[in-house]
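Here is a short note for a colleague who is opening this structure for the first time. Please keep the chains in view while reading.

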Number of protein chains: 4
Amino acid sequence: MLNIGSMTFNSHLFLGTGKYKDAKTQLQAVEASETEVLTFAVRRMNLFDSSQPDPFEQMDVSKYRLLPNTAGAKTAEEAVRTAKLAEAANMCDMIKVEVIGCDKTLLPDPVETLRASEQLLNEGFTVLAYTSDDVVLARKLQETGVHAVMPGASPIGTGLGIINPYNLSHIIEQAKVPVIVDAGIGSPKDASYAMELGADGILLNTAVSGAGDPVKMAEAMKLAIRAGTLGAEAGRIDKKFYAQASSPLGGLSI
Amino acid sequence: MLNIGSMTFNSHLFLGTGKYKDAKTQLQAVEASETEVLTFAVRRMNLFDSSQPDPFEQMDVSKYRLLPNTAGAKTAEEAVRTAKLAEAANMCDMIKVEVIGCDKTLLPDPVETLRASEQLLNEGFTVLAYTSDDVVLARKLQETGVHAVMPGASPIGTGLGIINPYNLSHIIEQAKVPVIVDAGIGSPKDASYAMELGADGILLNTAVSGAGDPVKMAEAMKLAIRAGTLGAEAGRIDKKFYAQASSPLGGLSI
Amino acid sequence: MLNIGSMTFNSHLFLGTGKYKDAKTQLQAVEASETEVLTFAVRRMNLFDSSQPDPFEQMDVSKYRLLPNTAGAKTAEEAVRTAKLAEAANMCDMIKVEVIGCDKTLLPDPVETLRASEQLLNEGFTVLAYTSDDVVLARKLQETGVHAVMPGASPIGTGLGIINPYNLSHIIEQAKVPVIVDAGIGSPKDASYAMELGADGILLNTAVSGAGDPVKMAEAMKLAIRAGTLGAEAGRIDKKFYAQASSPLGGLSI
Amino acid sequence: MLNIGSMTFNSHLFLGTGKYKDAKTQLQAVEASETEVLTFAVRRMNLFDSSQPDPFEQMDVSKYRLLPNTAGAKTAEEAVRTAKLAEAANMCDMIKVEVIGCDKTLLPDPVETLRASEQLLNEGFTVLAYTSDDVVLARKLQETGVHAVMPGASPIGTGLGIINPYNLSHIIEQAKVPVIVDAGIGSPKDASYAMELGADGILLNTAVSGAGDPVKMAEAMKLAIRAGTLGAEAGRIDKKFYAQASSPLGGLSI
């Protein structure tokens, strides 16, 4: 069970809605993933501009919680404005604060992310903050009252997986709200690893939408997240330098 | 589907039977794993010495294919003798050739492994050869006619996971028989990763029997293997150095 | 050549002065390192409290540029006060802003580091800012006018080396001032690697003072930094998935 | 000091002579490296076929020990024949047994390498065996009497560096003759790392000949090997999960 604000989810996977080749594939991938939360870029929608695509074409959005993000914002003010658009369109169960500070890496701006989170919390939003894996920044975001922190595994869309499991472990160890690993997941092993490290959930998009077979990959991610969750609960063996026989054979002879 | 010799399996997980804390936990872990193949050290059994433990206590072995291993053998001759014991006891659907060449790492002896494989094939056994991740050795084992090669991810019982995905990839790329990654798996992400690289199956023991909750970890491994299998079939995204937006925002404004 | 503010250095190594077993070992290690810059914690000195140790005992400090740090500060104000103490003692050629935000990881506080840097720049200090490897934060620090950024390879004293070469590469690629990799260096290979990635210098302490033979390790670090510097200038070969013969043998026969 | 057979070397670097853009660059790179041992493919030389290049053009070979290799051989017999050619040409202070078993990875054939080593030792050669990083194979080669083992860091010419430091550590820990890490070195950090792990020397070619500036890279490798050697002698700090202050500040206040 994953609790964010007043909401409770059985699924630990948040799925993005960008870059699918067609609406039908997206629909099937979303269903295969068993996600309960859909995320999308407000600026990329046809909320007020009908020339933009409808990311939910063919989908019954009433079955999902919606997590719009503020992608495209470079300042707190732009992020707040974007969030309010989503709310006005009645498409905002919670908001993902995403204030990009670097065009090449799409990594977030720590100062503007903090400011945007504070302002949106003051406005009553349920706020999830996309952040780098800076351990102290993740804590400062929690001190503003955010409902979840979303550290990146690696930059958006790179598929590089968890570059720094050390920082992620410290963020998780110190967290008082859910930690959703967001961005950089490339394959099922990455999703499993994040959950094994103790994350509470995963947000991903490109790893599924850009896969050869998005529907199959969506199911793979669903299973990987369950595997990692169970693995964390079960408690893995310690790593050792020298080998250890599965069946010690000392003193035996045939 | 995994085909080895004349046998066909739905499960891609082979599970060891050593080092569980009690028979009931082992039984439940085996069931949770949905494995169809049980592996065990012949020398560690009570085949002919009733003071040795019965690894299958409480279990209905008729429901499984049995894969005894020759652990304890340091030469081809010892391995052959051990295999024949298993066959005489009618507990040998296929044999895992395991000839250890180093007491500290429990890594296999390449020359004796090759010799043992040849001899057991001549005797009509279905042979699976435990090997290091030496790319050429894996091919030479296949040239002897083994029914599967079992390269280690890392040394037995270390839980270090896949140290050298490069060698594993080349073994898989060149393989003409199933590749079962055997030894060193520490957590679900490792099992998923092996399958994503194209392995045909996983053999593990300590990662489950030594986990805090072996039954839960057995289920985690089952799911991870399915996740990795689907991930390989789906085709993962390429890795990139620069970030790629999920929802490109070029030319948009609010 | 390394230029920071109005100073120019031949050496690319800044060496800390903490935790040596005795003053003589420290003196010899400093000399073996050929560093031109010594760094020390202002709060740990006997500037105004003679019960504190003198980190420069036996050393002719006039031969070095001094880089005091503000370790112990948890806010910008504390950092500024600490810097002024160093200046008042005439022991401050440049100041390393170090505002720790986490007692377990000793990772820096991004917001207070930014504020402290701004204030000290306004006071006319030559400012080097210790920071996490957050790519955007490193840029924001440069926008305040700092004379160098000092991203950590990994947390202070851990010896984990460069956990995230990706972020470090992006910081270096985008930098307009020198990048000094600070903290986490464990062995010579780490120092060489940082320079190969394009860093302008290395600050380290524990890797030398905590080594079995600090004097020998100081020399090793000096050589590793030269090796890495030359390596970066020379331009390394690309990495390849398939092998490439050193001496292609196509078409030859004996 | 590095002792192989009856020879003693101050340098721990063996340098290949393939693929330089011109003879002058090669000469300068060799001098900058301060190597005392040159290695070359016998089959690629103009020993008996004047249409082949002379790898030592412009060089005074009398200043070096020569380590021809048997590249191009796929069987022990071919390797022996190649070695004898080098000896007949009086260009063989020691022979590098190189029997390739895979065209894509250029990884060695373990069985033929063992056989070739035995035969050449019987003929009185000083034998250095190029091998994979298979721990048991490295020991078996030593049991035949080889004068050094040469495990690969990664496949020839890939520049992937040390993929499996675990196996390399075990080979070094168990070795009774010098361990020369051969193949796969990409940059100075890799050379330093190998020496830090306890290797006795490095053989490389492409990392220098294929660098943007081979002469500068040759010097970088020389320094990196010294850095790594000193680092191993000095004894590095342990790795830690939590940070450790360089200058503990407990109980202090300003």
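This is a predicted model: local features need pLDDT of at least 70, side-chain atom pairs count only at pLDDT 80 or more; totals for chains, interfaces and linings use all residues.

1. Chains A and B: extent. Begin with the pair formed by chain A and chain B. Chain A brings 63 residues to the contact, and chain B brings 63 residues. Together the two chains bury about 5,500 Å². Carbon and sulfur atoms account for 65% of that area.

2. The interface of chain A and chain B holds 2 salt bridges. One of them joins Glu233(A) to Lys216(B), with N to O at 2.8 Å. In general, side chains of opposite charge can pair when their charged atoms come close. Polar contacts across the interface of chain A and chain B involve 17 residue pairs, with both residues at pLDDT 80 or more.

3. Chains A and B: which parts of chain A take part? Four helices of chain A each give at least two residues to the side that touches chain B: H2 (76-88), H6 (188-196), H7 (206-209) and H8 (214-234). H8(A) gives the most, with 12 residues. Sorted by class, this side of chain A has 28 nonpolar, 20 polar and 15 charged residues.

4. Chains A and C: extent. Now turn to the pair of chain A and chain C. Here 28 residues of chain A are in contact with 28 residues of chain C. The two chains bury about 2,200 Å² between them, and 62% of this is on carbon and sulfur atoms. Val136(A), Ile163(A) and Tyr166(A) supply 22% of the area that chain A buries against chain C, more than any other three residues.

5. How many salt bridges are counted between chain A and chain C? The count is 4. In one of these, Glu173(A) pairs with Lys104(C), and the closest N and O atoms are 3.6 Å apart. There are also 6 residue pairs in polar contact across the interface of chain A and chain C, both residues at pLDDT 80 or more. On chain A, helices H3 (110-122), H4 (135-144) and H5 (165-174) are the elements that give two or more residues to the side touching chain C. That side divides into 13 nonpolar, 8 polar and 7 charged residues.

6. Chains A and C: symmetry. A rotation of 180 degrees with 0.0 Å of shift along its axis brings chain A onto chain C, at an RMSD of 0.0 Å. The two copies are therefore related as by a two-fold rotation axis. They meet through the same surface, because 100% of the interface residues of chain A are also interface residues in chain C.

7. An annotated site. The UniProt record, an unreviewed entry, carries the annotation "binding site" for Gly157(A), Ala183(A), Gly184(A), Asn205(A) and Thr206(A). These residues span 50 residues in sequence, yet no two of their C-alpha atoms are more than 9.3 Å apart, so they gather at one spot. Gly157(A) sits in the loop between strand E8 (148-151) and H5 of chain A.

8. Salt bridges overall. Over all chains, the structure holds 60 salt bridges. One of them lies within chain C: Lys96(C) pairs with Asp182(C), the closest N and O atoms being 2.7 Å apart. This pair links distant parts of the chain, 86 residues apart. Lys96(C) is in strand E6 (residues 95-97) of chain C, and Asp182(C) is in strand E9 (residues 180-182) of chain C.

Technical notes:
Residues are numbered from 1 along each chain as its sequence is written. Chains are lettered from A and ligands numbered from 1 in the order in which they are written. Side-chain values use heavy atoms; hydrogens and water are left out. Contact means heavy atoms within 4.5 Å. Buried area is the accessible area (1.4 Å probe) that two parts lose on being put together, summed over both. A salt bridge is a side-chain nitrogen of Lys or Arg within 4 Å of a carboxyl oxygen of Asp or Glu. A polar contact is a pair of N or O atoms within 3.5 Å; within protein, one must be able to donate a hydrogen and the other to accept it, and residues adjacent in sequence count only if both atoms are side-chain atoms. Ala, Val, Leu, Ile, Met, Phe, Trp, Tyr, Cys and Pro count as nonpolar, Asp, Glu, Lys and Arg as charged, and the others, Gly among them, as polar. Copies are superposed by least squares on the C-alpha atoms of residues with pLDDT of at least 70 in both. UniProt positions are given in the numbering used here, feature names are shortened, and annotations may be inferred rather than shown by experiment.
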